Amino acid sequence: MKPIIKAENVSKQYRIGAPAASYQTLRDAIAGAVRGSLRQLRRDGRPEGETIWALGGVGFEVRPGEVVGIIGSNGAGKSTLLKILSRIVEPTTGRVDLYGRVGSLLEVGTGFHPELTGRENVFLNGAMLGMKRAEVARKFDEIVAFAELEKFTDTPVKWYSSGMYTRLAFAVAAHLEPEILIVDEVLAVGDMSFQKKCLGKMGEVAGAGRTVIFVSHNMVAVQSLCNRVLWLHQGKIREEGQPSAVVSKYLRSSCSARAEQKWDDIESAPGNDQVRIRRACVRPADGTPSESIGVKTPVVMEFEYWNLAPGTLLNLSVIVSTEEGYPIFNTGSGREAVWHGKPFPAGLFRSAFYIPGDLLNDGTHRVRLMFVKDQSVVIHDTDDILVFDVEDVHEKRSGWYGKWIGAVRPRLEWETELVEPGMPALTEAAG
Amino acid sequence: MSTTSSNSASTLGPTAVARTPPAGAADLTPPPSTPHELPDKPLVTIQPRRPWSTAELHDLWAYRELLYFLIWRDLKVRYKQAFLGVAWVLLQPLMMTLVFTVFLGMLVRVPSEGVPYTLFVYAGLLLWTFFSSAVTGGGNSLVVNAHLITKVYFPRVMIPAAAVAARLVDFAVSFLIVAGMLVYYRVPPTWNTLMLPPLIVLAALLALGCATLLSALNVKYRDVSIVLPVLIQLWMYVSPVLYPPRLVTDALGHWGWVYALNPLVGVVDGFRAALFGGTFDLFALSVSAAFTLALLAYATYTFRRVERSVADVI
């Protein structure tokens, strides 16, 4: 069958950082800027400097009706690929042929203006997504009904609640009826019902024989929705094929256990000009990171980091997830006694928390670390900063070795009492 | 009372059910056969483009309705937010006219080529207001609409074009005042009036060229939006908005032609000649037209170069 998307050797180069130049005087700076601007304009308006290849020679074909998942760690080039497919950025080399209209759920609400009414925004947004005015007019009632906003079509959207706003925006995107639908991580935003609507729309689109490109970190969703998976790794396709096979290979590679990570060179350590991580480790409460952790072991997680912005109100937020990426719990340093709520001076800090034994289930755990400023702004976010295995303790299991169900395995107190002795008094049906 | 540990509870077998694999991992329904025919040629081919490629002309046509919506949005939002709405469009040049009539017309006695100074300066300010607001608005338009550019594809040139076109609507509204003034001051129409449409087109194209070029430069150098108001202000004083070009050309003697190198001289002077009668300065007009064409070509070229990477940079 003929492909609906045909990508050949698609590459994208980004220039990062400013051109290296040291200006001596203001006059030099201005002269340099003038020379520079002339030179840069000749060079496609891009500054010189270091470059990275976000995508390096990606080629694939997608057949109509396929639901293709794209997976990969952060920075593997997934978003760049989607942006190229939706024509927001231009590839540096290569070529993509699209044999159908592309619609994408990453542009939900694009161009919505708060001063305009719901009706006006539907038309504007529709035009932006490439719908003809007549088409929007035809579907208008349907869109409004889908969004459940019949009474508010002539209200400026600035008076809408965020839920109403999202519903309307999604309703427009959902009625675009593209041959190729691009879905990027919508499952990460919005509430449960919105996620359901997105997934429902995806299923409907796929069911109608249309093509879906789905990018997600949620491996469960990828496995259940897609019939083929591309695994991007460092801008290249590393593996392609059956979802379950590719996903499990991906998980195995990305979850190679790392119970401790250290960065001796502060320049290359993860972070930015506000915080830099020096070390992260997870270990038994009374042991070292090299020792194994069992389901009954109390665990300590430690993070050492430099605060580089004196006076910051800093919080750490840690999310521990299963191997598949399901969050198990989120804990923050908000209840920490000494430093919480105080401005952090510049310096090296260590924060740690304690996880009691008999809480984590066995299996691989992934740790995401976020630094939060003023309890609201995430200033740095690292996925999989630690990955560790919790091992099952077999001796108490009396013979059964199956996987224990659940994200956690708390040891809870049970009670059983004899309420009434004797056989139940079965009332003999008197006939 | 007896308690059992959760570990021994496992023997009761709640976990005897093997963990189900992620839903659908194993049983994949094959994709349904395609219900629609694929076109023979790709609808869209994505590849690095050369600045002069014509592929985008097709898109410009395909997205023509968006241009209309962008203009409409610009007008609607601007008028909705302002208390006086449309009245501002009329008030701005009128207030300036009042001030300049008093200070320049009555006190300094700037000559006004046979028509009342009020009419003379209003005509100039009308065209100037259009030009300056189109260039300022258009020059900032790409940066202001960055949220659109990073989210959705459409021909980017529509953004500065819509900004300029929206000001043209403002211009049309204020033009009604000029029509009223011409009647009031009993200035009869002449054959020159036929030159109005081409002159307005020329002014709009000149504004479009400036706006397109500046909007592209603004993406990379935000200095543009800082310097722009100052430059625009200066440009007004070196253009014959408040005074007739004769004042400058006479002063320059036989270097008078140099003044016409300012592309606005031909446009503003021509606009007045078309309204009030009088002779067109054909040299100045040719310079304006030639400059506009060259600027449009250069602006398009620069814009297309920047456009390729605009979503990366902005």
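In the predicted model, B:Val241 touches B:Gly124, B:Leu125, B:Trp128, B:Met236 and B:Val268, residues up to four places away in sequence not being counted; two residues are in contact if their C-beta atoms, placed from the backbone, lie within 7 Å. B:Val241 is located in the loop between helix 9 (223-237) and helix 10 (246-252) of chain B. Helices (H or I, at least four residues) and strands (E, at least two) are DSSP runs, numbered from the N terminus. B:Val241 counts as buried because it has 23 C-beta neighbours inside 10 Å; the cut-off for buried is 20 or more other C-beta atoms within 10 Å of the residue's own, that for exposed is 12 or fewer, with partly exposed in between, and C-beta atoms are placed from the backbone. The C-alpha atoms of B:Val241 and B:Ala123 are 8.3 Å apart in space, the two residues being 118 apart in sequence.

Residues are numbered from 1 along each chain as its sequence is written, while chains are lettered from A and ligands numbered from 1 in the order in which they are written. As the model is predicted, local features need pLDDT of at least 70 and side-chain atom pairs count only at pLDDT 80 or more, whereas totals for chains, interfaces and linings use all residues.

The model has an ipTM of 0.75 and a pTM of 0.69. The average pLDDT (the predictor's confidence in each residue, from 0 to 100) of chain B is 83, and 85% of the residues score at least 70. In residues 1-34 of chain B the pLDDT is below 50, and this stretch has 55 contacts in the model beyond near neighbours in sequence.

A nonpolar core is a set of buried Ala, Val, Leu, Ile, Met, Phe, Trp, Tyr and Cys residues joined through C-beta atoms within 7 Å. The largest core has 142 residues, of which A:Phe214, B:Ala203 and B:Ala207 touch the most other members. Apart from this core lies another, of 25 residues, including A:Tyr305, A:Val320, A:Leu386 and A:Phe388. Beyond four places in sequence, B:Ala203 is in contact with B:Leu127, B:Phe130, B:Phe131 and B:Val267. In helix 5 of chain B, 25 of the 28 residues are buried. From first C-alpha to last, this helix reaches 38 Å, close to the 40 Å expected at 1.5 Å a residue, the expected span being 1.5 Å times one less than the number of residues.

Chain A contains 8 helices and 19 strands, and 37% of its 431 residues count as buried. An open sheet of 6 strands in chain A has the order 5-6-7-3-8-9 with mixed pairing; two strands pair if DSSP finds at least two bridges between them. Strand 5 (102-104) and strand 9 (236-241) of chain A are the edge strands, each pairing on one side only. Strand 3 and strand 8 of chain A run parallel and are joined by 4 bridges, with A:Val68 opposite A:Arg228 in strand 8. Strand 8 (residues 228-233) and strand 9 of chain A run antiparallel and are joined by 5 bridges. In this pair, A:Leu230 stands opposite A:Glu240, and A:Ile237 is the bridge partner of A:Leu232. The hairpin of these strands has 2 residues between them, and A:Gln234 in the hairpin takes a positive phi near 50°.
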